[in-house]
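Please look at the sequence and the model shown below, and keep them in view while reading. The report that follows takes up the contact between the chains, and then each chain in turn.

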Amino acid sequence: MRNVKLLYFAWLRERIGVAEEDLAVPDGVITIADLIAWLRLRSAGHLAAFATTTSLRCAVNQDFATPETLIATGDEIAFFPPVTGG
Amino acid sequence: MANIRVQTADFDIGAEFAALCVGRADIGGLGCFVGTVRDTAKGRKISAMTLEHYPAMTEAAMGRIAVAAEQRWELLGCTLIHRVGRLLPGENIVLVLAASPHRQAALDATGFLIDWLKTRAPFWKKESFPDGTEEWVSANDADEAAASRWA
C-alpha cells in the first residue's frame, strides 16, 4: 500500500463531496489511470466525478501529470476539470 | 524577475505600472492586459463570478508561465496578478504587464502570458445567475487554440 493525498477542485469536488482525502492505495495501482479506475469504485460520487476522463486533468506534486504518470508514496495528487482562469 | 500574486483584493493598475518601472530607464515598451468580469455568459445575465484555485500549485504554475515568456522574449520584468473569490460584473480579474526594451516583444509577451494563464494555471470560474443557479465555466476550444499558436 502507498499513502497519497488526493485533492479535488471545482465540479469534481462537488460531485465527490470532499475537497481532499488521504488514502492508502493498493500496490496494483501504479499509474494515474490505474488510480482513476480504482477511485471510481469508492462511491457513487467518485463514479460521477470520474465517469469520463476527457474533461479531467491531473497534477502530481503541483505539476501537470498524464494518465501514464507513476504514483509514489507521499504524492499530492490533484484532480480537476480543464482550467478556466484568466 | 516576475512579480506574481494571487489575491482576493483588487489591484491598482497605475501602481503596478509604477512598481515595474521604478528606478529604471531601459524599458522601451510596456504591454498591459486587464481581464474583467463581463455581465453576460452565453447570452444570459450573470450576477457574480467566483474564482477557485489550487493554492499550492497556482503561483508555481504562474512562475513557470513567466519563465516561458522570459525565454521567448527579451523581458525586463513582468507582473501577473490573478484575483480569486467572488467577483461582481465589471470587476477586475487578472492583470498582465510585460516590460521590454521593444514594443513588439512587450505586446507579444503580454498576449502569450494571458493565453497561457487561461490554459495552464489552475483557476476555475463559476458563474452565478440572478435566479440563484450556478454553473462551472467549461474550458473553451478557442482559448486552447489561442494558447497553441505560441507553441
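## Contact between the two chains

Asp63(A) and Arg64(B) form a salt bridge across the two chains, with their closest N and O atoms 3.4 Å apart; the term stands for a side-chain nitrogen of Lys or Arg within 4 Å of a carboxyl oxygen of Asp or Glu. Side chains of opposite charge can pair in this way when their charged atoms come close. The model is predicted, so that local features need pLDDT of at least 70 and side-chain atom pairs count only at pLDDT 80 or more, while totals for chains, interfaces and linings use all residues. Residues are numbered from 1 along each chain as its sequence is written, chains are lettered from A and ligands numbered from 1 in the order in which they are written, and side-chain values use heavy atoms, with hydrogens and water left out.

Between chain A and chain B the count is three salt bridges, and there are also 13 residue pairs in polar contact, both residues being at pLDDT 80 or more. A polar contact is a pair of N or O atoms within 3.5 Å; within protein, one must be able to donate a hydrogen and the other to accept it, and residues adjacent in sequence count only if both atoms are side-chain atoms.

On the side of chain A that touches chain B, the elements that give two or more residues are α1 (10-16), β4 (63-65) and β5 (76-80) of chain A, and α1(A) gives the most, with four residues. Helices (H or I, at least four residues) and strands (E, at least two) are DSSP runs, numbered from the N terminus.

The contact (heavy atoms within 4.5 Å) takes 19 residues from chain A and 24 residues from chain B. The area buried between the chains is about 1,800 Å², of which carbon and sulfur atoms give 59%; buried area is the accessible area (1.4 Å probe) that two parts lose on being put together, summed over both. In chain A, Val83(A), Thr84(A) and Gly86(A) lose the most area to chain B, together 37% of what that side buries.

## The sheets of the two chains

Two strands pair if DSSP finds at least two bridges between them, and angles run from 0 to 180 degrees between N-to-C directions of axes, which are lines fitted to C-alpha atoms, for helices over the stretch in contact.

Strand β3 (residues 57-60) of chain A runs antiparallel to β4(A) and is joined to it by three bridges, with Phe64(A) in β4(A) as the bridge partner of Ala59(A).

Within chain A, Glu21(A) forms a salt bridge with Arg42(A), the closest N and O atoms being 3.5 Å apart. Because Glu21(A) lies in strand β2 of chain A and Arg42(A) in the loop between α2 and α3 (44-49) of chain A, the pair ties together parts that are 21 residues apart in sequence.

In chain B, six bridges join strand β6 (residues 77-83) to strand β8 (residues 92-100), and these two strands run antiparallel.
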